[in-house]
Amino acid sequence: MQDKTPYKSHKPDDNGLINWSADENSVWHDLQTRQQKSIVGRAYDEYLNGLTALNLPIDRIPQLPDLDAVLKGRTGWQTAPVPALISFGKFFELLANQKFPVATFIRTREDFDYIQEPDIFHEIVGHLSLLTHPDFANFTHIYGKLGLQADKKTRVFLARLYWFTMEFGLINTKDGLRIYGGGILSSPAETEYAVSGKPEYRPFNVNDILRTPYRIDKIQPIYYVIDNPEQLFSLTEKSLMAEVNKAMEQGLFEPHPSLLDDQTA
């Protein structure tokens, strides 16, 4: 993970509330308005159901205690306010304890279309929706517990699993290809591109995912597609660890040509 960020996080008060500025709330409003339009006909139904449950405001950044009330009631999860960047270790620790990290800053208009580090818009709009769903929440919990026990090298492989599922995952539905990955659903440009037919679509295979290099600073050239959520929900800590060990022995695939430079992960 990066060591520096140009953004400064807010510190919640004793009640968990943040005093957002008018400018910050305005950025949220414009991001929300644009994204609500882009996900129509592209987002997975369970994601949309989660958005309805969260009932996110349009005109202001939501307060985390309000979101916690919904998450706790549905799946036992809650948010955890964090600085802009946290370590893999801290990330896994939070997930293992059913807490989802939410960076307490929002992008500026200079980074309106793309921000490399996750901000509060990405975390809330991209990820909290599916944490209202018991099975997606349980998968995230299992993933966190496994990562918490893993060493540094193993965590790098595990990061690819999260990247190609909860961040950039697609699902086949009766209505066609739909998006469930939060990294896509918090980016209007990638939301449109991901289901455009232009990228390379690969069938869901844990071993392949763990061996596929990616970049965090580009539109993804490859997406892995699940046919049903059970492909994720049926994974256990034991089966995932077996797949990780196998992938580590086999090594990585060659990076996609569009990713070739020294930044490939």
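## Exercises on a predicted protein chain

Let us begin with how the fold is held together: in the protein chain, 68% of the contacts with a separation of 6 or more join residues 24 or more positions apart. Contact here means heavy atoms within 4.5 Å. The model is a predicted one, in which local features need pLDDT of at least 70 and side-chain atom pairs count only at pLDDT 80 or more, while totals for chains, interfaces and linings use all residues. Residues are numbered from 1 along each chain as its sequence is written, and side-chain values use heavy atoms, with hydrogens and water left out.

### Exercise 1: the whole chain

Solution. 

Step 1. Start with the secondary structure, which comes to 12 helices and 6 strands. These are DSSP runs numbered from the N terminus, with helices (H or I) of at least four residues and strands (E) of at least two.

Step 2. Along the principal axes, the C-alpha atoms fill a box of roughly 50 × 40 × 35 Å.

Step 3. Finish with the surface. Of the 265 residues, 51% count as buried; buried means under 20% relative accessible area, exposed over 50%, and partly exposed in between (1.4 Å probe, protein chains only). The chain exposes about 12400 Å², and carbon and sulfur atoms supply 49% of this area. Accessible areas come from the Shrake-Rupley method with a 1.4 Å probe, and for residues only the protein chains shown count as cover.

### Exercise 2: a helix pair

Solution. 

Step 1. Two packed helices are described by the angle between their axes and the distance between the axes. For helix 1 (residues 22-38) and helix 5 (residues 120-128), the axes come within 11 Å and cross at roughly 35 degrees. Axes are lines fitted to C-alpha atoms, for helices over the stretch in contact, and angles run from 0 to 180 degrees between N-to-C directions.

Step 2. What is the handedness of the crossing of helix 1 and helix 5? The crossing is right-handed: a crossing has this hand if the near helix is turned clockwise from the far one by less than a right angle, and is left-handed if anticlockwise.

Step 3. List the partners. Helix 1 brings Trp28, Leu31, Gln32 and Gln35, which meet Ile120, Phe121, Ile124 and Val125 of helix 5. These residues divide into 6 nonpolar, 2 polar and no charged. Ala, Val, Leu, Ile, Met, Phe, Trp, Tyr, Cys and Pro count as nonpolar, Asp, Glu, Lys and Arg as charged, and the others, Gly among them, as polar.

Step 4. Check the cover of helix 5: 9 of its 9 residues are buried, including His122, Glu123 and His127.

### Exercise 3: positive phi

Solution. 

Step 1. Most residues other than glycine have a negative phi. Asparagine 55, not a glycine, has a positive phi of about 55 degrees. Glutamine 98 also has a positive phi, near 55 degrees.

Step 2. Asparagine 55 is found in the loop between helix 2 (45-54) and helix 3 (64-74). Glutamine 98 is in the loop between helix 4 (88-96) and strand 2 (99-103).

Step 3. Asparagine 55 is exposed, with a relative accessible area of 62%, whereas glutamine 98 is partly exposed at 26%.

### Exercise 4: sequence and space

Solution. 

Step 1. Leucine 158 lies in helix 7 (residues 152-167) and is buried, with a relative accessible area of 0%. Isoleucine 209 is 51 residues away along the chain, with a C-alpha separation of 9.4 Å. Contacts of leucine 158 include Phe92, Tyr143 and Val244.

Step 2. Glutamate 46, in helix 2, is partly exposed at 28%. Glutamate 46 and tyrosine 180 are 134 residues apart in sequence and 8.1 Å apart in space. Glutamate 46 touches Ser129, Leu130 and His133.

Step 3. Leucine 17 is found in the segment before helix 1. Leucine 17 and isoleucine 115 are 98 residues apart in sequence and 24 Å apart in space. The contacts of leucine 17 are with Pro12, Gln63 and Pro65.

Notes. Lists of a residue's contacts leave out its neighbours within four places in sequence.
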